[in-house]
Amino acid sequence: KNKLADQLKTRLFVLDAAVENSYTSILRLKIEERTKRVVFHSHQQYFWLDLQGVATEELTEEEKRDVQARLLGNRSISDTEPPVIKRDLDESVSKGFVLATGQEAREWIELSEKVRSLGLNYRELEPPTASSSLFKVLSAAGHTVLMDITTPIESQVHTYQVFLKNQPKDIGKPEYIDVRVPGRVYFK
């Protein structure tokens, strides 16, 4: 049953799957879906991005205002909102534009869910590129937090959370907070 549950998670790209026996010859499946799309923004362009990495449609004016309020910290962030992914592109985005591979889009969703599940609410996430393992998180507190995909995310989030609790009063508004080395915080 556990092997089947793991295969379902991978094949269907679901958040959680459980297989139970309800009768002797019947299996009962419990599936918790994950988000199927994310908000992608580049400069002042905002699009819905699907699991295949394709820009499906531009956000409506109301959706755009809501996302911008989130990015500016003018409203609280709920756990049910789709992730916001930032990537500054040189070209203009339009409907049908391929922004990422399907594998990249899935990795972005998994990364955003991992960060959120560890208790770090964020305004937006800037995923790593093909040539770098660095990713940036704009926290709900307004800090740009630098993290590394090759180091355990749990320890980096924990380091940032401990820093927030013990933050010196005289540091002002740092340009960034680097927690890539677990247990150490660097800021500028």
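Modeller: Strand E2 gives the nonpolar patch its largest share, 3 residues. Helices (H or I, at least four residues) and strands (E, at least two) are DSSP runs, numbered from the N terminus. The model is predicted, so local features need pLDDT of at least 70 and side-chain atom pairs pLDDT 80 or more, while totals for chains, interfaces and linings use all residues. Residues are numbered from 1 along each chain as its sequence is written, and side-chain values use heavy atoms, without hydrogens or water.

Biologist: Which residues form the nonpolar patch on the surface?

Modeller: Leu4, Leu12, Leu27, Leu29 and Ile31 form it, with about 410 Å² of accessible area together. Patch residues have over 30% relative accessible area and no salt bridge; like charges are joined within 9 Å, nonpolar side chains (Val, Leu, Ile, Met, Phe, Trp, Tyr) within 5 Å. A salt bridge is a side-chain nitrogen of Lys or Arg within 4 Å of a carboxyl oxygen of Asp or Glu. Areas come from the Shrake-Rupley method with a 1.4 Å probe, and for residues only the protein chains shown count as cover.

Biologist: Why is Leu12 called partly exposed?

Modeller: Buried means under 20% relative accessible area, exposed over 50%, and partly exposed in between (1.4 Å probe, protein chains only). Leu12 has 41% relative accessibility, so it counts as partly exposed. Leu12 is in helix H1.

Biologist: What makes Leu27 partly exposed?

Modeller: Its relative accessible area is 46%, so Leu27 is partly exposed. Leu27 lies in strand E2. Leaving out residues up to four places away in sequence, Leu27 touches Leu4, Val19, Glu20 and Asn21; contact means heavy atoms within 4.5 Å.

Biologist: How do you know what span is expected of helix H2?

Modeller: The expected span is 1.5 Å times one less than the number of residues. Helix H2 (residues 61-72) has 12 residues and reaches 16 Å from its first C-alpha to its last, close to the 16 Å expected. Its buried residues are Lys64, Val67, Ala69, Arg70 and Leu71. Gly73 follows H2 and has a positive phi, near 80°.

Biologist: What makes a set of residues a nonpolar core?

Modeller: Its members are buried Ala, Val, Leu, Ile, Met, Phe, Trp, Tyr and Cys residues joined through side-chain atoms within 4.5 Å. The largest such core has 30 residues, and Leu125, Phe135, Val137 and Met147 have the most contacts inside it. A second, separate core has 7 residues, including Tyr46, Leu59, Leu71 and Val84.
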